[in-house]
Amino acid sequence: MTTEWKLFADLAERAGDKHVTVDASAGDTVGDALEELLDGRSELTERVQTDDGELRSQINVLRNGTNVLVEEEGLETELEAGDELALFPPVSGGCCSQ
Amino acid sequence: MHVLGIQNRDATRETLERVVDRVVDRLSREGRIGVVRYDATIADGTHATHDSTTLGGDVTYDLGADGDWTASGTGLSVGDALDRLAPTCEFAVVVGVSRLRYPTIHVGSDGEPDADDAGTVLATVDSPAELESDALVTALAEAEPHRTLESLVARVKREPTADRSGAIATFTGRVRAKDDDDDAPTEYLEFEKYDEVADERMAALERDLEARAGVFAVELYHRTGVVETGEDIVFVVVLAGHREEAFRTVEDGINRLKDEVPLFKKEVTVEDEFWVHDRP
């Protein structure tokens, strides 16, 4: 099974595509899917992770429109079949903090 | 208001007119419809074949019975005409204008696609019989609507609760050329939207603000794609009982829209191009 990432703004430019399908399925975590996404994409990796491999604080990760970092279990959140993941930089005021 | 372009690609004048007739007829079943035609023979505010005695007048309205009218004038662009239709029409059809940013039908199939056309081509037909008009209505309804401040104000005034409203407050965000005298002038902004999520959040925000005491209706609208310097980007319109809650809700509405709705802004100046969140 695969899961689709949607990328926005400069993140899409760095990844070279707005849509990336990765090898991750129900039972895997959002973090697993992120690892698959970043694998072989150094420019994108540099933009979204610190040197220690931590997600940068201003990067948003959404699962089906919900911010996993705020309302779910962060990168430990488990995927369900058919999930849509999204990765994006801050919106002008710091999107999705509610 | 949803806008549809109809462009002649190598068909006869008569075929084009029959396609326009068919489309206008179908759309008029859905709501009030405006038609904008580009005709280069119109000059100095009069039509070449019009027998009006007004020559070179700025604007002339000829009024008839029951509010029927004709008009002529100067200084009106296609965009201006659409802005004027937006408050009262559900649909507009624009005939004979290329490089529209709206969905378009091509009549005839002259093979060369115009690289400058920003809108999607919904259909290419050689005759009115080839039009799948129900599919056309569906596709058009899904396309991004043309909204103006006036059209949103007109919409809230039509709300059933409007007779209890003593105040409408609005906010308009627009593309500023420069923030400081020394800045490189901005040419345009380009907005990218996380479609489904942005639409959901805008709708949720409208409902949330409408639940406030004394607030009857809230309309939020944000353009996407390229928005040039001086053009409007975003509108917030609030219909309320009194001015206090109208003002407060407009301010909270624009602030929360900017915080909560996934829209990304790229700025293109005469010197540079950058995503706005990338700048300190």
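Predicted model: local features only at pLDDT ≥ 70, side-chain atom pairs only at ≥ 80, totals over all residues.
## Basis of the model

Local features need pLDDT of at least 70 and side-chain atom pairs count only at pLDDT 80 or more, while totals for chains, interfaces and linings use all residues. Residues are numbered from 1 along each chain as its sequence is written, chains are lettered from A and ligands numbered from 1 in the order in which they are written, and side-chain values use heavy atoms, without hydrogens and water.

## Chain B as a whole

Chain B holds 6 helices and 14 strands (DSSP runs numbered from the N terminus: helices are H or I with at least four residues, strands E with at least two). Its C-alpha trace spans about 55 × 50 × 40 Å along the principal axes.

Of the 280 residues of chain B, 41% count as buried (under 20% relative accessible area, 1.4 Å probe, protein chains only). The accessible surface of chain B is about 15,600 Å², with 45% of it belonging to carbon and sulfur atoms (Shrake-Rupley method, 1.4 Å probe).

## Helices α5 and α6

In chain B, the axes of helix α5 (residues 195-210) and helix α6 (residues 243-260) come within 11 Å and cross at roughly 155° (axes are lines fitted to C-alpha atoms over the stretch in contact, and angles run from 0 to 180 degrees between N-to-C directions). α5(B) is therefore roughly antiparallel to α6(B) (an angle over 145 degrees).

The contact (heavy atoms within 4.5 Å) involves Arg201(B), Met202(B), Leu205(B), Asp208(B) and Leu209(B) of α5(B). From α6(B) come Thr249(B), Gly253(B), Arg256(B), Leu257(B) and Glu260(B).

Notes:
Parallel < 35°, antiparallel > 145°, perpendicular 65-115°, else oblique. Buried < 20%, exposed > 50% of the residue type's maximum accessible area, 1.4 Å probe, protein only.
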